[in-house]
Amino acid sequence: MSTVDSTRIGFRDALLKLATEREDVVFVSTDSLKVVKGEPFLEQFPDRVVELGISEQNGVGVCSGLAASGLLPYICTYAGFLTMRACEQMRTFVSYPNLKVRFVGANGGLHGGNREGVSHQFIEDVGILRGMPNFTILCPADGGQVYEAMLASADIDGPVYIRIGSGREDKVFPDGTPFPMGKIRTLVDEGNDVALLAHGFVLGRVLEAAKKLKEEGIKAKVVEVATIKPLDKEGLAEVLNATGCAVTVEDHTIINGLGSAVAEVIAEGAPAHLIRLGLQDVYGESGFPEELLDAYGMRVEDIVSAAKKAMSRKKL
Amino acid sequence: MDIQALQDISLSLRRDVVEMVYRTKDGHPSPSFSVADIITALYFEIMRLDPSNPDWEDRDRFVLSKGHSCPVLYAALAKKGYFPREELFTLRYLNSHLQGHPYAPKTKGLDATTGSLGNGVSIGLGMALAARIRRKDYQVYAITGDGELGEGMIWEAAMAASHHKASNLTVFIDNNNYQSGGTVGEVSGPYPIEDKWQAFGWHVQTIDGHDIAQILKAVENARLVNDKPSAIVCKTVKGNGVSFMVGENSWHKRVYTDEEYKQAIKELGGAV
């Protein structure tokens, strides 16, 4: 495998591999083939591309029919055109009958939407889907992890959502690193002063923050929560019980995403002080991806100071 | 099966619907009646099915896009032997496999989960395209309402189906001229229905949706078309078969009194 240097290529290459290995894989496009650089897929598997034009509700409805008829459809377009425009189709015609449809949402987060602005920049997708029973929701951190998540989730029962970005993500993991399906993954374990919990394209910043904290003598854990549903509640409770305080960092609104999920675990039996970084109940705007994350409170410095603040509350 | 026998079945399905609504005190009777003859023709003559093997991969598929008409579909499935008739009278009760609107995982013989309007043509298209991809020769049939044509997604699917030349997809439009709020002419503006489907590239026929011979003939015609999906506009009557339900739109969703129940069963050729 060559270097998977973007989430969109990660999706595309994994789909090619899956289609080579199994006959049931089909790619459903709502004029979104080029979004994921899917031309090689069309070349190799022309009969397994279902192009529907710009019609996301129809696209998800068609996926429901394809999945009910023995195929494994992958539909990939902008995250919000799936989770918002076709929200009801995802819910009533896929999630409710528990059909095996794979949704791949591009432009997840401010980072994913970068210069496009709010109409193409989705900060609510994970929260919308968390409320739907049967869904598996995955937020891999980089292209290689998207590739691995695609392969790891192919046989999961029911619907799966995989969040991808714009294709401008930094690499966090060496290619070939397995995707930790259904489990949290501890990436740094310096000690129990504070837990930094994150997923997606901000993970590199969180690792950077842990280094800074270490330089200041603060012993942090960095824990990746790439499977947001079903959530590894036991794993999280163990971390939270050990540290007693945590900072969540997500490129998503802090309402209904990772921060909320962690708050639920805390409230239901793993008491800990929590600070949630992410979109503070506001929309984003156009800009370059890294400067957007900076502008909306996800600088390395923001994570460091949130960690200290969370720790200070422990001592109260 | 001859036409008379099919007509008898259609009457018996209507009687079952009356019985279901009367006994369970819920459900949509008159939208069931407008599609009763189409469903009879499909399930008892047209469709390739094996009730002893509901998940048979080569079976024809059916999508009831106007899911609220499900009482008559449930009655047809019971009569085909997918489940015992007595279970019809658990409709809409807790623990019943017969949900208020069709839920495929629970009910044997049901191919699609529906209820929210406007979605059935897309689901049917997915099933039809799956046949092509998997090199199967099954047919897909769907019924939409006429009021339902107000849903934009219907037209997304109409455009995509003709683009894909999905000739194994046939959509019946139950043109009973009523929707929940009144006549479709008053509430929305689907007319002329035929011109719209034609403009979207479909093969279009208009028939009397209560004439089983016409339904069979129209499906036969549709099968001869191999480069287009087919739309069959069915002129129907909401409540067809029971005099006091015709022209009275409250029967869209209404429960029979004892008197109404007896009269309905009698008019439908049954004994009380």
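Tutor: Start with a cut-off: a salt bridge here is a side-chain nitrogen of Lys or Arg within 4 Å of a carboxyl oxygen of Asp or Glu. Keep in mind that this is a predicted model.

Student: How far apart are the closest N and O atoms of Asp16(B) and Arg85(B)?

Tutor: Asp16(B) sits in helix H1 of chain B, and Arg85(B) in the loop between H4 and helix H5, so the pair ties together parts 69 residues apart in sequence. The two form a salt bridge, and the closest N and O atoms are apart by 2.7 Å.

Student: Is Asp16(B) buried or exposed?

Tutor: The cut-off for buried is under 20% relative accessible area. Asp16(B) has 8%.

Student: Which residues are joined into one network by salt bridges that share partners?

Tutor: Take one pair to begin with: the side chains of Asp58(B) and Lys136(B) meet in a salt bridge of 3.4 Å, N to O. Asp58(B) is in the loop between helix H3 and E1 of chain B, Lys136(B) in the loop between H5 and strand E2, so parts 78 residues apart in sequence are tied together. Asp58(B) is partly exposed at 26%, and Lys136(B) is partly exposed at 23%. Through shared partners, the network joins Glu57(B), Asp58(B), Arg134(B) and Lys136(B).

Student: Which side chain makes a polar contact with that of Ser65(B)?

Tutor: Ser65(B) lies in the loop between strand E1 and helix H4 of chain B. It counts as buried, because its relative accessibility is 0%. The residues that Ser65(B) touches include Thr114(B), Asn119(B), Ile143(B) and Glu148(B). The polar contact, 2.4 Å between side chains, is with Glu148(B).

Student: Which residue forms a salt bridge with Glu190(A)?

Tutor: Glu190(A) is in the loop between strand E7 and E8 of chain A, and its partner is in helix H9, 24 residues apart. Glu190(A) is partly exposed, with a relative accessible area of 36%. The closest N and O atoms are 3.4 Å apart, and the partner is Lys214(A).

Student: Which residue follows H10(A)?

Tutor: Helix H10 of chain A covers residues 233-243, and its buried residues include Leu236(A), Val239(A), Leu240(A) and Thr243(A). Their cover includes strands E8, E9 and E11 and helices H11 and H13 of chain A. After H10(A) comes a residue with a positive phi, near 75 degrees: Gly244(A).

Student: Now across the chains. How much area do chain A and chain B bury between them?

Tutor: In contact are 25 residues of chain A and 25 residues of chain B. Of the buried area, 63% is on carbon and sulfur atoms. Ser69(A), Phe93(A) and Tyr96(A) supply 28% of the area that chain A buries against chain B. The area between the chains is about 1900 Å².

Student: How many residue pairs are in polar contact between chain A and chain B?

Tutor: Salt bridges between chain A and chain B number zero. Polar contacts do occur between the chains, and the count of residue pairs is seven.

Student: Which element gives the most to the side of chain A that touches chain B?

Tutor: Strand E2, helix H3 and helix H5 of chain A each supply at least two residues of that side. By class, the side has ten nonpolar, ten polar and five charged residues. With nine residues, the element that gives the most is H3(A).

Methods: Residues are numbered from 1 along each chain as its sequence is written. Chains are lettered from A and ligands numbered from 1 in the order in which they are written. This is a predicted model: local features need pLDDT of at least 70, side-chain atom pairs count only at pLDDT 80 or more; totals for chains, interfaces and linings use all residues. Side-chain values use heavy atoms; hydrogens and water are left out. Contact means heavy atoms within 4.5 Å. Buried area is the accessible area (1.4 Å probe) that two parts lose on being put together, summed over both. A polar contact is a pair of N or O atoms within 3.5 Å; within protein, one must be able to donate a hydrogen and the other to accept it, and residues adjacent in sequence count only if both atoms are side-chain atoms. Helices (H or I, at least four residues) and strands (E, at least two) are DSSP runs, numbered from the N terminus. Ala, Val, Leu, Ile, Met, Phe, Trp, Tyr, Cys and Pro count as nonpolar, Asp, Glu, Lys and Arg as charged, and the others, Gly among them, as polar. Buried means under 20% relative accessible area, exposed over 50%, partly exposed in between (1.4 Å probe, protein chains only). Lists of a residue's contacts leave out its neighbours within four places in sequence.
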